Amino acid sequence: MTGNEELAHRFEEHRGHLKAVAYRMLGSLSEAEDAVQETWLKLSRTDTDDIQNLGGWLTTVTGRICLDMLRSRTARREEPMGDTQDTARAYVPDPVLRPLSHIDPAEEVLQADSVGLALLVVLENLTPDERLTFVLHDMFAVPFDDIAPIVERNPAATRQLASRARRRVRGATPSAEPDLGRQKQVLDAFLAASRAGDFEALVAVLHPDVLLRADSGALVRGAAASKVVQGAKAVAEQALMFAPFTQAAEVVLVNGSVGVVNARRGRVQSVMGVTIVDGRITDMYILADPARLERLEVPRPAV
């Protein structure tokens, strides 16, 4: 094995971990892949004799790359571009899909779908520096001394960043129903009511302050446009409007919790994840952006 082949082999041993870091940082599977690939390019151009801890080096480099990507993304969103602000509020991160039968409690926590959509949505509202510090320290136990140079702060200030991010995350992520069986009962009731056109049954399964985020992409207009809808009655009306599209809906795992894939004629039309608390749906996350849906890995039975 040549030196380059050995280095590539060592990098591949860390690829899954790096993708998990990048996915949490970016909420985009394709951008996470790009960040990991950029990390490999930097490694291939670096003298590895001075790297004592390859895993730690790769993690911090990936974090720095993701931070630059987040800062660039934030700058673009701050530009005045019509309904950009509304589209940003409705943003739904890329979901990770698995068949419902794919339930293995012994799976590694680094797997991408171990982080829920609710948390990823909250992370979108952090500043890039807060997100990096929270992800690297709280999720991957990277010391503050290693994070500080990335965010150009001293360790004490970096610790404050993480503390501020932690408070925001805890305040915005309720303790959701952990049992997949009970999750499925609630989601099945929602789908049955939607298909039957039963408005009262829909309202009954929704939390009074349920929040719906529907991300159809920036270019989609009309009834399917990106939107944020709040309140049980308003969300139930939306569910009835799109009830015909739920006839072929299939329940799958969306980031480790129950969700739905809607497909017609072999093409995915939307993916929906939900947060369920005390037997009611409190949050709904619908991705209907055609360009992003095409890039998703969808469980084979769904299509």
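The following dialogue explains how several features of this predicted model may be read.

User: What kind of model is this, and how are its residues numbered?

Analyst: This is a predicted model, in which local features need pLDDT of at least 70 and side-chain atom pairs count only at pLDDT 80 or more, while totals for chains, interfaces and linings use all residues. Residues are numbered from 1 along each chain as its sequence is written, and side-chain values use heavy atoms, with hydrogens and water left out.

User: How many aromatic pairs are there, and what counts as one?

Analyst: Rings of Phe, Tyr and Trp (its six-membered ring) pair if their centres lie within 6.5 Å; planes under 30 degrees apart count as stacked, over 60 as edge-to-face and the rest as tilted. By this rule there is one aromatic pair. The ring centres of Phe11 and Trp40 are 5.3 Å apart and the planes stand at 50°, so the pair is tilted. Because Phe11 belongs to helix α1 (residues 3-26) and Trp40 to helix α2 (residues 29-44), the pair ties together parts that are 29 residues apart in sequence. Helices (H or I, at least four residues) and strands (E, at least two) are DSSP runs, numbered from the N terminus.

User: Are Phe11 and Trp40 buried or exposed?

Analyst: Buried means under 20% relative accessible area, exposed over 50%, and partly exposed in between (1.4 Å probe, protein chains only). Both Phe11 and Trp40 are buried.

User: Where do Glu12 and Arg15 lie?

Analyst: An α-helix has 3.6 residues a turn, so residues three or four places apart point the same way. Glu12 and Arg15 both lie in helix α1, three residues apart, about one turn of the helix. Glu12 is partly exposed, with a relative accessible area of 41%, and Arg15 is partly exposed at 24%.

User: Which parts of the chain does the salt bridge between Asp129 and Arg71 tie together?

Analyst: In this salt bridge the closest N and O atoms of Asp129 and Arg71 are 2.9 Å apart. Asp129 lies in helix α6 (residues 128-139) and Arg71 in helix α3 (residues 54-77), so the pair ties together parts that are 58 residues apart in sequence. Asp129 is buried at 11% relative accessibility, whereas Arg71 is partly exposed at 32%.

User: How far apart are the closest N and O atoms of Asp129 and Arg153?

Analyst: Asp129 also forms a salt bridge with Arg153, where the closest N and O atoms are 2.6 Å apart. This pair links distant parts of the chain, 24 residues apart: Asp129 is in helix α6, and Arg153 is in the loop between α7 (144-151) and α8 (155-172). Arg153 is partly exposed, with 33% relative accessibility. Elsewhere, salt bridges that share partners join Glu31, Arg73, Glu124 and Arg131 into one network.

User: What is a nonpolar core, and which residues have the most contacts inside the largest one?

Analyst: In soluble globular proteins, nonpolar side chains tend to be buried together. A nonpolar core is a set of buried Ala, Val, Leu, Ile, Met, Phe, Trp, Tyr and Cys residues joined through side-chain atoms within 4.5 Å. The largest has 57 residues, and those with the most contacts inside it are Met25, Leu43, Leu123, Leu132 and Val271. Its largest share, nine residues, comes from α1. A second, separate core of 26 residues includes Val186, Leu206, Val229 and Val235.

User: Which residues of helix α11 are buried, and what covers them?

Analyst: In α11 (residues 232-241), the residues Ala232, Val235, Ala236, Gln238 and Ala239 are buried. Seen down the helix axis, the buried residues fall within an arc of 160° (taken from the directions from the axis to the C-beta atoms), so they line one face of α11. Contact means heavy atoms within 4.5 Å. The cover over these buried residues includes α9 (180-196), α10 (199-205), β2 (206-215), β3 (227-230) and β7 (280-287).

Definitions and conventions: A salt bridge is a side-chain nitrogen of Lys or Arg within 4 Å of a carboxyl oxygen of Asp or Glu.
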